[in-house]
Amino acid sequence: MSQREITLDEIHNFKGKYPKQLWYLFLSEMWERFCFYGMRGMLTLFMVDQLLMTDSIANLRYGATQAFIYAFTFVGGLFADKIIGFRKSLFWGGIMMIVGSIILSMGHLFFGMSNEFAFFFGLSFTVIGTGFFKPNISTMVGMLYKDGDSRRDAGFTLFYSGINIGALLGGALCVYVGKHYSWHLAFGFAGIVMTISLLTFIFTEKTLGPIGLSPLANRVPKEDELDIDGTSTAPEKQDLVEIKTPKNKKWMEYAVYIGSVAVIPLIYIMIKNTRYTDLFMYLVGPVALGLFLWEMKKFSWSEQKKLIAAMIFIVLSILFWAIYEQAGGSLSLFAARNLSDDLFGIVKLDPNSVNNGANSLFVITFAIVFSIIWLWLSKRKMEPNTVVKFGLGFLFLGAGFMIFYALRFFANDLGVSSLNIFVLAYLVVTWGELALSPIGLSIMTKLSPKPMQGTMMGLWFLASAYGQYVAGLFGASLAKDNENADNFQKMMDFTAGYKQFAIYALIAGVILILVSPLIRKLMQEVK
C-alpha cells in the first residue's frame with residue numbers, strides 16, 4: 001500500500017527534545033566523519049613517512065588538501081541550493097569519497113599507480129566528495145526545526161557530539177593501523193565506513209519528507225498503484241503525487257555530476273603543487289564574497305543586516321581554525337616525535353592516536369554538558385549571547401595553546417614531553433570548539449533566509465578552508481628552519497610557535513566580547 005509522505009509541519013511539531021530524523025542524520029554523518037578524520041590524521045604522517053617529504057612541504061600540502069576540501073563545500077552548498085538539492089548532493093559526495101578511498105587503499109596494487117600518484121589522485125576524489133557531502137547534511141539538520149524553535153541549539157550540539165564518535169574511532173584507529181600495520185589497509189577502513197554512511201542515509205531518507213529535495217523538482221501526478229484485483233492501493237486520491245525534477249531540467253543535474261568528475265585532474269595538480277593553491281585561495285575568496293553581495297541584494301534590509309552579522313562570524317572563524325587545525329599538521333608531527341606514550345602512569349597509548357582522538361572524546365563527553373549548561377542558563381535568562389560564546393571559544397583556544405607551549409617545561413633532554421599535559425591542552429581547546437563551532441552551524445541557519453541557507457553554510461565551511469590554508473602556512477613556518485635540528489630543538493621551536501598562536505587567540509577573544517553589543521544589533525531578534 002502506498003505510504004503518505006510525511007509533511008514538514010509534522011517534522012517541525014515533534015515531541016520531546018530532538019526529532020527522530022536527527023538521529024538518522026547523526027548516524028550517517030558519524031560514519032562519514034570516521035572516514036574524514038581517519039584520513040585527516042594520516043595525511044601528514046603518510047607524506048613524511050612514506051612519500052619522504054620534509055616537514056615543511058608536508059604541512060603545506062596538508063593545508064592545501066584541507067583547504068580544498070572545505071573550499072568545495074561552498075561549491076557543494078551552492079549546487080545543492082540551486083540545482084540538485086541536499087539529498088542528491090549528499091549521495092553523490094558519498095560515492096566520490098568511496099571511490100577516493102578505494103584509490104588510496106588499492107590504487108598501487110590494482111591500477112599500477114605509484115604511491116604518490118595514487119595518494120594525490122585519491123585525495124582529489126575525496127576533496128570533491130566531501131564538498132558535496134559536508135555542508136548539506138548540516139543544512140538538513142537546521143531544516144528539522146521551525147523558525148524560533150529554542151531546541152535548535154541543543155539539537156546542533158547533540159549532532160555535533162554524535163558525529164565526533166565517528167571522528168574518535170576513525171582518528172584513533174586509522175592512524176594506529178597505518179603506523180603499526182599498513183597505511184593502505186587504514187585507507188581501506190575509511191572507504192568501508194563511508195559505504196555504511198551512505199547506506200544509512202539511503203534507508204532513512206524517506207523520513208525527511210520534503211526536506212532536501214531538488215529546488216528544480218515539482219509536484220506531479222503519481223501513477224496509481226493497483227492491487228492484484230485491479231483496485232487502488234492508495235488510501236486517498238489526493239495522496240497520488242510525487243516530487244520529480246522535470247525532464248527538460250535533468251540536464252542541469254547531469255552537468256553537475258559530469259563537471260565534478262571533470263575537475264578532478266585540476267584538483268590533483270593544485271594539491272600537488274601548492275603554489276597553485278596560493279593562486280586559488282587568492283581568487284576564490286573575492287569571488288565568493290562577490291556572490292554573497294549579489295545574492296544579498298535580493299533580500300530586505302532587515303535580512304541583509306542578519307547576513308552581515310553572519311559574515312562577521314564567518315570571517316572571525318578563519319583565525320580560529322587556522323590555530324585549531326594545527327592538530328592534523330604540526331601537532332601530528334609533534335606527537336610522533338616529542339611525546340611519551342605513557343598516560344597517567346596507567347596505560348600506554350600511541351601519541352598520534354591520542355592526538356587524533358582526544359579532541360573527539362572530549363567533545364562526546366562535554367557536548368551534552370555544554371548543551372545542558374546553555375539550556376539551564378537560558379531558563380534563567382542568563383545565557384550568554386552568540387557573540388560572547390564566540391569570544392569564549394577564542395579564550396579557551398588561547399588557553400589551550402598556552403598549555404601546548406608549557407610542554408617545553410616538562411621535556412627531557414631528548415625533547416620528549418608529557419602526554420598528560422598534551423591531553424590537558426586538548427581538553428581546554430575542546431571547550432573552545434564547543435563554545436564556537438556547533439553554535440556557528442546553528443547561527444548560520446538562524447541568520448540566513450531559506451533560499452541562502454545552503455550557500456551560507458558553504459561560506460561557513462569556506463572560511464574553514466581559509467583557516468586550513470593558513471594552518472598549513474603556520475605549520476610550515478614552525479618547521480621551515482629546523483629540518484636538520486635535533487628533537488629537542490624541534491620541541492622548542494614548535495612550542496614557541498604555539499605561544500604566538502595562543503596570544504593571537506586571546507586578543508581576538510577579548511576584542512570580540514568587547515564589540516558584542518554592536519554585532520547583536522545587526523542580529524536583531526536572533527539570539
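1. Lys 381 counts as exposed in this predicted model, with a relative accessibility of 79%, where exposed means over 50% relative accessible area, buried under 20% and partly exposed in between, using a 1.4 Å probe and protein chains only. The residue sits in the loop between helix 12 and helix 13 (386-406), and its phi is near 55 degrees, a positive value in a residue other than glycine. Helices (H or I, at least four residues) and strands (E, at least two) are DSSP runs, numbered from the N terminus.

2. Phe 344 also has a positive phi, of about 55 degrees, although it is not a glycine. Its place is the loop between strand 3 (342-343) and strand 4 (347-348), and with a relative accessible area of 52% Phe 344 is exposed. Most residues other than glycine have a negative phi.

3. As to the basis of these values, the model is predicted, so that local features need pLDDT of at least 70 and side-chain atom pairs count only at pLDDT 80 or more, whereas totals for chains, interfaces and linings use all residues. Residues are numbered from 1 along each chain as its sequence is written, and side-chain values use heavy atoms, with hydrogens and water left out.

4. Not counting residues up to four places away in sequence, Phe 401 touches Ile 323, Gln 326, Leu 331, Val 429, Tyr 498, Phe 501 and Ala 502, contact being defined as heavy atoms within 4.5 Å.

5. The structure holds 3 cavities of 30 Å³ or more. A cavity is a set of points, on a 1 Å grid over the protein atoms alone, where a 1.4 Å probe fits but cannot get out, and its lining residues have an atom within 4 Å of a point; a volume is the space filled by probe spheres set on the points, which are joined across faces, edges and corners.

6. About 250 Å³ of space lies in the largest cavity, and of the 21 residues that line it, the closest to its centre are Tyr 37, Tyr 70, Lys 134, Tyr 160 and Ser 437. Helix 5 supplies the largest share of this lining, 5 residues. By class, the lining of the largest cavity has 11 nonpolar, 5 polar and 5 charged residues, where Ala, Val, Leu, Ile, Met, Phe, Trp, Tyr, Cys and Pro count as nonpolar, Asp, Glu, Lys and Arg as charged, and the others, Gly among them, as polar.

7. The second largest cavity holds about 60 Å³ of space, and its lining includes Tyr 37, Arg 40, Asn 355 and Tyr 426. Helix 12 (351-379) gives the most to this lining, with 4 residues.

8. There are 0 disulfides in the structure, a disulfide being a pair of cysteine sulfur atoms within 2.5 Å. Cys 35 is in no disulfide, and the nearest cysteine sulfur, that of Cys 174, is 8.1 Å away. Cys 35, at 0% relative accessibility, counts as buried, as does Cys 174 at 0%. Cys 35 is found in helix 2 and, leaving aside its neighbours within four places in sequence, is in contact with Met 97, Ser 101, Ala 190, Val 193 and Met 194.

Technical notes:
1 Å grid on protein atoms, 1.4 Å probe; cavity = no way out; pocket = protein on both sides within 12 Å on 5 of 7 lines; lining within 4 Å.
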